[in-house]
Every structure is written in C-alpha cells, then in structure tokens.
Amino acid sequence: MPSKSQVAWDLVALTTLVGVIVTIIWIHISSPLLTHDAPLSDAGLNGLSVIVAITATLYTMFVTGRIRHAFIRSLEFSLCNIGTDEYGKPDPSELKRLERIWRAILRIDVLNDWITHLPSCWIFLRYLVTGLLTASIITTFTPRGALNYITYDLVIPGTSYPTLSEPVPSWKMPCGFLWTPTDVIPANVFYWGLPNGSSFAAPIVGAPCPAAEVVPLIAGINTHNPDEYVYVDSGIAVQRSAMGVSRNLFNSPRFSDLFTKYGPSLNSTTQCVPVMTRNPVQCTRDDAAKLTYIDDTHLNLTVAADVKNLDPFVYNTRNLSRDNVMANGIGPMDEPGSPIGGTWIEFSAYTGDPHSTSSPANDLALMMGEPNHKTIGLAKNSTYAVQCLMDPTHSFEYRYVTLLLNYAPANTNNHTTSGPSQLGYTRSLVGGEKCTPAQESVGWLHFAAASTSLEKLVNENNGRDYYFNTIQRIASRWGRIGPPFAFLNSRNALEDALGVVAALAVSTMAAEEDLDIGGGIIPEAVVTRDDETGNPATGGRRGDKVLPTAAINVSGFSTTPFIFALVLIPPVLTFSILLHLFICSFRPSWQPGGGRLTVQAIRTGGNLPFHRKGIAEEHNIKQTNTFVAESLTALIALGKHVASVSRNNTPKSTDPLTRMGTGVSVAPTLTVDMSTEKSP
C-alpha cells in the first residue's frame with residue numbers, strides 16, 4: 001500500500017479538483033457578483049487578476065506533481081527488476097523502452113518521441129490536459145464586467161384629471177380637465193362633448209402643457225433618416241420603438257437621484273410604459289375644399305361637411321391678386337360620439353401668381369408624395385387642399401422600454417453605421433417586447449396632448465401668409481427622399497411629420513410627483529410568463545409585479561455556454577487521470593521496491609505494468625519506503641547492482657523459466673537502505 005503521506009496528498013489534489021469543477025459550474029449558473037454599486041477600479045482588477053494567475057499556476061504545478069509522482073510509481077517494478085540476458089547483461093531494448101518513458105515523465109522528451117513512441121505521446125497528452133488547468137482557472141476566476149439589477153422609483157403620467165366648474169387663469173389651467181357647465185366653454189381650449197352634457201377640455205395656450213412644451217423640442221426631430229433615431233430630447237436619441245415615451249424616464253427628479261447615486265456606473269433602466277406605435281394622423285387630398293377670392297386681402301375656405309367651415313382668412317401683408325398663400329385650420333371633433341382627442345386639420349394652398357418661384361401648393365403636394373407635384377399650382381386662383389384626421393385612441397401599446405446610457409454603435413463588416421453614437425448621442429431610448437401593466441396609464445390626457453400639440457404649427461404665420469414653415473422643414477426633406485418614415489404605418493411625409501410632433505408632445509406630459517393628488521403612476525408590469533432566472537429586467541414568476549429596474553455596471557464572474565464547456569474540460573479530464581493513477585497506485589507492482597509479485601503469479605498471468613522480460617523472484621528485492629525513480633541514491637545503488645550482475649557473467653540458469661525460453665536469470669538480492677529518505 002502507498003505511504004500515508006502519498007495517499008493524503010493525492011486525496012488533497014482530487015478533492016480540490018472536485019471543488020474547482022463544482023465552482024466552475026456554480027459560476028456559470030449563478031454569475032456571482034464581486035461588487036454591487038460600481039465596477040472594480042483598474043488597480044483592483046489588475047491586482048486580482050495577478051493573484052488569480054499566480055494561484056492558478058501554483059495549483060497546476062501541485063496537481064502536475066501528483067500526476068508525475070504517480071507515473072514514477074508505475075516504473076518501480078520495472079526499475080527494480082531490469083531484465084538481463086543469460087550472461088547477466090542488461091537487456092538493451094528494455095533499457096531503451098524505460099529510458100523513453102523516463103524522459104517523457106520528466107518532460108525532457110522531444111517531438112520525435114511523441115510521434116514515434118505511443119507511451120510517450122500518451123504521457124505528453126495527459127500533461128497537456130493538466131497544464132490547461134491554469135487557463136481554465138484564470139478564465140473562470142478573472143473578474144469581468146457584469147450587471148447588477150435593482151428596482152428604483154419612477155412616476156409617469158397617469159389617467160387622473162381634475163373637474164372644473166368655473167374658469168381659472170390660463171397659467172393655472174390643468175393640461176386636461178372635466179368641464180361640467182353645459183352653457184359655456186372656456187376660451188383657448190380644445191373640448192370634446194360627453195354624453196352627460198359635460199366636456200373634456202385641454203388648453204392650447206398659456207399653461208405649461210404639451211401644446212407649449214413641444215415647440216422648443218421640434219428642432220430635435222431627425223429629418224435625415226428616422227431609422228437611426230426619430231428625435232432627441234435632453235441628449236437622448238429616441239428610436240421609433242420608443243416614440244411618445246414619457247421623458248420622466250430620463251428627465252425627472254427621481255432619475256436624477258438615481259444617476260447621482262451611481263453616476264457612470266448606471267448602465268440602463270427598463271420599465272413597462274406606453275409607447276405610441278401607430279401614427280394617429282391620416283392625411284388625404286381634399287378635392288372638395290375650395291378657396292374663394294373675396295378681395296385682395298380676404299379668402300373664404302369651404303371644406304367638407306364633417307369639418308367646420310371657417311371664418312374668412314385675412315392677409316394683411318399680402319395682395320391675393322399676385323401672391324401665393326395658404327389657408328389652414330385645426331379643431332377638435334366635438335360632435336356626439338367623436339373620440340376624445342379626435343382632431344381635424346385642413347391645409348389649403350391658393351395660387352395668386354402661377355409664375356412665382358414660391359409655390360405653397362407645390363410644397364404641400366410634395367409632402368403628400370404626389371408624383372406630379374411640380375405641375376400643381378400652375379393655374380391662377382387654383383386650390384390644392386389636404387385634409388388630416390387624428391384619432392389617437394388606438395395608437396398606444398405597453399412595451400418594455402430601455403434607456404441605454406452607454407450606447408454602443410452597430411458594426412457591420414468592419415464599417416460602423418451612422419447610428420445615434422456617430423451623430424454625437426451616446427444615450428438612447430429603445431422599445432422592446434410588449435408588456436402588461438399592473439395599472440393602465442394611457443387615457444384622455446394622452447389623447448388631448450396629441451391633439452393640442454399641432455395647433456401652433458397649423459396656425460403658424462397667422463395673419464400673414466399662413467405658411468407652415470415648421471411642418472414644411474420637417475416633412476419636405478422626407479418628401480424628397482420618400483420612405484423610410486418614423487411610423488411604419490405612415491403613407492406620406494406630411495402625416496408622418498404631424499404624428500412625430502404628436503408623439504413628442506405626449507412625451508412632455510408632466511407626472512405629478514405627489515401620488516395622493518393624482519396624475520402620477522408607478523409603472524409596474526405584470527409578468528405574463530414564467531422567468532426561471534427571476535431577473536428583475538425581464539420579470540419573475542407568472543403573475544408577479546415588476547417595478548422599474550436599473551442595471552448597474554459592476555464586476556463579477558461569468559462564463560458563456562461555449563466558454564463554460566471549454567473551461568470545464570481540463571479539470572474534469574485531470575480529475576479522471578489522477579483518479580485512475582491513484583487507484584493504480586495500490587497495485588503491488590507500484591509499491592516501493594516493486595511489490596511482492598512472485599514467479600508463480602507471473603506464471604498464472606499476473607498484472608505486470610511497464611514490464612516485458614526480466615523478472616526476479618520476490619525474495620531478491622528488499623522492501624523500502626522510497627521509490628527508486630524518485631531518489632538519486634536509490635538509482636545509483638540500482639546501477640551498481642546491475643553492473644555487478646554483468647561483471648559476474650552468470651552462466652545459464654537452471655531455473656525452469658529460463659529453460660522455457662523466458663531469458664530470466666535470478667539476480668542476487670538488492671538491498672537499498674533508504675532509512676533517511678522520505679516520500680514527498
């Protein structure tokens with residue numbers, strides 16, 4: 001039996017290998033974190049990486065040493081019983097075989113040995129597998145960037161609104177309210193009648209509501225290519241999958257508190273919020289509309305029956321006998337049964353001078369995508385009109401929306417695309433899959449915000465030429481290049497531009513921070529499918545409520561499935577190799593001195609690893625506590641013994657094995673006193 005110390009060290013190596021394997025599996029499954037609020041500093045990361053590398057190297061050396069010692073044990077019987085021929089000379093072929101194996105065990109062999117000698121190749125491969133332990137441990141235990149998901153407070157606009165029964169100053173007017181009097185309507189509001197005689201109203205001037213808040217943000221609309229992003233707000237590039245999302249996600253006191261706490265470590269936030277996914281505006285050519293010349297400063301616009309007829313348009317700075325002008329109008333659909341937020345818009349262009357280089361009719365036709373837009377407006381006193389209808393009640397969906405604070409540009413074929421990052425925006429708002437909110441947050445306030453947002457743009461340049469400069473700047477560029485549009489259901493550039501402005505206005509809705517007052521909602525999501533990981537960013541068990549989550553850049557351990565499979569192979573194979581050698585170490589032939597195999601055992605087919613010819617009888621070997629191959633003293637003594645046998649030139653043996661042609665001679669007893677040697 002091997003010495004207790006040898007068994008103990010082998011068991012330590014086997015046990016720690018099991019620990020390494022279990023830890024690698026645990027890291028892959030759980031991805032444990034080292035930090036929770038910020039990633040490790042460069043100094044900390046480098047220091048920990050050095051410690052891991054040193055530890056992995058030392059541990060691999062230890063395990064390799066145990067395997068090398070097991071290989072040494074396997075040579076014990078062969079070294080103590082080096083075969084000799086009938087004249088007592090060492091067998092050259094046996095010596096050569098043992099030498100090649102010895103060189104392989106000591107790792108002083110060369111490539112030619114691996115190719116031409118199978119045992120040497122096999123030993124090399126087992127050393128190679130063991131050597132890869134270092135790479136496995138370093139790969140697994142080197143810290144990497146990770147994300148720590150936490151929940152945080154967020155409030156978005158809700159569905160609550162106040163009730164008013166008497167007028168209030170415009171600067172105190174709510175952005176949407178229920179008006180109970182039936183005999184009077186407040187000034188400067190859009191209103192929609194309800195079956196009980198009351199109205200829902202929203203201001204178009206005065207109050208700090210979407211109709212006013214949207215105007216300075218229009219300059220951030222991307223008129224180049226909405227595939228990259230649709231508009232920018234507060235440095236956030238909003239993509240088409242997140243249009244209309246409340247700016248409270250990135251421009252509110254609660255987000256400021258979150259960013260102040262985590263700073264650059266804040267990677268992203270995810271929440272279930274409403275998104276305007278369909279364009280609420282549809283525009284069509286209105287051939288029934290007619291602009292009639294009254295005098296040089298007045299035009300009368302007659303429109304279809306479902307749109308109110310407007311008062312005559314006054315042009316104080318124009319002469320209608322020689323100028324080209326527009327006549328535009330907007331208003332709520334206030335007939336019974338009309339949807340809240342339902343709005344009509346009329347654009348019409350009058351040609352007073354067909355030869356003028358400025359042609360509103362041509363510009364309007366271009367935005368509508370008319371193939372013959374250059375021929376429109378060439379006849380004097382002609383009219384070209386477009387009617388747009390808005391119904392925002394079916395334009396919203398609830399989706400998981402992610403605010404990416406470290407936006408990485410796409411890269412295709414080594415050429416970086418011109419996404420938001422290339423245009424100077426490193427933060428992006430992106431919509432994802434649909435979600436189910438714990439509480440509905442879309443209501444009449446959202447519909448009214450979309451409707452009132454267009455009033456100032458439609459009535460731009462009122463009293464002069466009514467030309468829609470802002471809308472033209474947004475839509476005409478898209479009209480020249482055609483699709484893609486921001487909304488996938490848009491049919492022309494005009495309705496797409498109006499829809500984007502409406503979405504931008506909805507995003508500016510204020511959320512009341514005091515939830516007791518009403519108007520604010522905490523956007524929880526209800527999980528509609530099981531998520532075994534319980535990741536707060538995606539949900540938990542079916543029916544769970546998920547609060548908004550923030551992803552924090554931290555440091556941790558993790559492996560991808562492919563890397564996990566690679567790093568698991570070396571420790572598993574090393575454990576198998578060492579376990580096999582450990583079991584073999586209990587064979588008698590692997591014991592110090594070669595064990596107690598007798599001639600009778602040989603005759604009956606005893607197991608003789610690494611042995612082919614010369615076998616000495618058991619009584620010729622005296623047992624010691626040290627393996628011959630691991631002691632220089634023992635090797636010298638063995639060499640002297642073999643030389644002595646050769647000099648004696650022993651005659652033919654009368655042993656039966658010799659007469660049978662085995663070429664075995666009985667050698668004198670070899671005694672090696674190793675009382676001062678200890679096994680490692």
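Cys283 and Cys388 are both buried, buried being under 20% relative accessible area, exposed over 50% and partly exposed in between (1.4 Å probe, protein chains only). A disulfide (a pair of cysteine sulfur atoms within 2.5 Å) joins these two residues in the predicted model, with an S to S distance of 2.0 Å. The torsion about the S-S bond of Cys283 and Cys388 is about 110 degrees, so this disulfide is right-handed. Cys283 belongs to strand β10 (residues 281-285) and Cys388 to strand β16 (residues 383-390), so the bond ties together parts 105 residues apart in sequence. Helices (H or I, at least four residues) and strands (E, at least two) are DSSP runs, numbered from the N terminus.

Residues are numbered from 1 along each chain as its sequence is written. The model is predicted, so local features need pLDDT of at least 70 and side-chain atom pairs count only at pLDDT 80 or more, while totals for chains, interfaces and linings use all residues; side-chain values use heavy atoms, with hydrogens and water left out.

In the disulfide of Cys175 and Cys209, the sulfur atoms are 2.0 Å apart. Its S-S torsion is about -90 degrees, so the Cys175 and Cys209 disulfide is left-handed. Cys175 is partly exposed at 34% relative accessible area, whereas Cys209 is buried at 3%.

Cys272 and Cys435 form a disulfide with sulfur atoms 2.0 Å apart. The torsion about this bond is about 90 degrees, so the Cys272 and Cys435 disulfide is right-handed. The pair links distant parts of the chain, 163 residues apart: Cys272 is in strand β9 (residues 266-276), and Cys435 is in the loop between β20 (427-434) and β21. Cys272 has a relative accessible area of 4% and is buried; Cys435, at 12%, is also buried.

Thr436 is located in strand β21 (residues 436-437) and is partly exposed, at 35% relative accessibility. The C-alpha atoms of Thr436 and Ala525 are separated by 5.6 Å, although the residues are 89 apart along the chain.

The mean pLDDT of the chain is 80, and 78% of its residues reach 70 or more; pLDDT is the predictor's confidence in each residue, from 0 to 100. Over residues 409-418 pLDDT stays under 50, and the model has 11 contacts beyond four places in sequence for this stretch.

Terms used: Contact = heavy atoms within 4.5 Å.
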